[in-house]
Amino acid sequence: MAVVSPQPTERDFYLRSFRQRSMVLHVSEEYTEHDVQGVVEELVDNGTLVILVARQFVSGRGVRVRPREVKVPGTGLFAVSATLLEHGLARVRQLEGRAAPTRLRFSCRLAAKVGAHKLVVVDPRGGIRTAIGVRSFLNVDALARLARKRGGASGWSRPELRELRATVLAGVDTVNLTSADTLDAELFSYEGAGTLLTASDYCRVEPLRLDDFAQALTLLDRGEREGFLLPRTAAQRARVLLSAYGAWFEGHRLAGLAALETDAYKKERLAEVVGLYTITRFQGEGVGVRILDALAEVAKERGCRALFACTANPRAASFFERDGFARVEPSAVPTRKWKGRRRPLPEVLWRDL
């Protein structure tokens, strides 16, 4: 009898992406190692190399690394490297008497010096908050604009924002800002809970691959539970996935997806957007618009004259209208679309190409 493996969880996806990668965790003075211990242990057991920078540790005092060593390595940084290679975890003690911005600067420059994949700043202020709420993602250009504003953003000072930006530009792939309470959600869930900083445009849209299907099914499940998507059978889901495009953040976070159906409407030269869904965290980041724009380009390449979408969800209909779609009668699309469908029929949104 064949053994069917359980569907990977969100946590599985992120642990896999962190495996054999390096991470610096900066723990602000309001916290101790105890506040992040569970996450750190899971990362180390996962095979992630972790440098933990804090003022207080559960046991031991941690390695002392002098500030000048982030420029010219010395005995402290050599000891950190040796400990990291041997145990997968190196504790670095923050220097007493240093102001919070100075301690953050040290961790930023340490992450850049060792070439860490990720810097995680664990601070009670959490993610960066602006007038539109907590920003899930910011690239260096957006961060520079915030750093020019008087007062910075939500408690983060302009010097701190500039230091965080410099860290990404120095080669650290990503920086996460989160509190200790939300650290687990920020690192191991699609929703996240803080702010992710990256060097460039952090979203890309491309066709799903077979390896992406498990993650995509998780999103379809979410969309159906939230009432944003209509329930589908396994066969219908498979059809969606085979023609779907995904929006990816940070290279591995699937933030949204939608399928493009053109084969069924070749005669009419139409294309249908099917199963458009974006995770709540990414709403407001332009993910849905990026997906629709990408699908429109593909439809044009295939010789289609218009896009249409069908939905019974008022929020989804409003989204399509904001992106240039207009409500039309169900009779505007081929009648075979409604074969076997019970009334009332869903709203039909239309956009000429």
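**Terms and the values behind them**

Reply: In strand E17, Arg-351 is the bridge partner of Leu-307. The model is a predicted one. Strand E15 (residues 306-311) and strand E17 (residues 347-352) pair in the antiparallel sense over six bridges.

Me: What makes E15 and E17 count as paired strands?

Reply: Two strands pair if there are at least two bridges between them. E15 and E17 have six bridges, and they therefore meet the requirement of at least two.

Me: Which sheet holds these strands, and what is the order of its strands?

Reply: Seven strands form an open sheet with mixed pairing, in the order E11-E12-E13-E14-E15-E17-E16. Strand E11 (203-207) and strand E16 (326-328) each have a single partner strand, so one side of each lacks a neighbour in the sheet and they stand at its edges. From one strand to the next, the twist averages 30°. Helix H8 (residues 213-225) lies across strand E12 (244-249), strand E13 (253-261) and strand E14 (270-278), and runs at about 80° to E13.

Me: Why is Asp-141 called partly exposed?

Reply: Partly exposed lies between the limits of under 20% for buried and over 50% for exposed. Asp-141 has 46% relative accessibility, so it counts as partly exposed. This residue is found in helix H5 (residues 140-147).

Me: How do you know that Leu-89 is buried?

Reply: Leu-89 has 13% relative accessibility, which is under 20%, and therefore it counts as buried. Leu-89 is found in strand E4 (residues 89-93). Leaving aside neighbours within four places in sequence, its contacts are Val-40, Val-44, Val-50, Leu-52, Thr-83 and Leu-84.

Me: What makes strand E1 (residues 22-27) largely enclosed?

Reply: Five of the six residues of E1 are buried, so the strand is largely enclosed by the rest of the structure. E1 pairs in the parallel sense with strand E2 (residues 49-54) over five bridges. Val-24 stands opposite Ile-51 in E2.

Me: How do you know that the buried residues of helix H6 line one face?

Reply: The buried residues of H6 are Glu-160, Leu-161, Glu-163, Leu-164, Thr-167 and Val-168. Seen down the helix axis, they fall within an arc of 160°, so they line one face of H6. Helix H6 (residues 158-169) has 12 residues and reaches 16 Å from its first C-alpha to its last, close to the 16 Å expected at 1.5 Å a residue. Just after H6, Gly-171 takes a positive phi of about 120°.

Methods. Residues are numbered from 1 along each chain as its sequence is written. This is a predicted model: local features need pLDDT of at least 70, side-chain atom pairs count only at pLDDT 80 or more; totals for chains, interfaces and linings use all residues. Side-chain values use heavy atoms; hydrogens and water are left out. Helices (H or I, at least four residues) and strands (E, at least two) are DSSP runs, numbered from the N terminus. The expected span of a helix is 1.5 Å times one less than its number of residues. Buried means under 20% relative accessible area, exposed over 50%, partly exposed in between (1.4 Å probe, protein chains only). The arc is that of the directions from the helix axis to the C-beta atoms. Axes are lines fitted to C-alpha atoms, for helices over the stretch in contact, and angles run from 0 to 180 degrees between N-to-C directions. Contact means heavy atoms within 4.5 Å.
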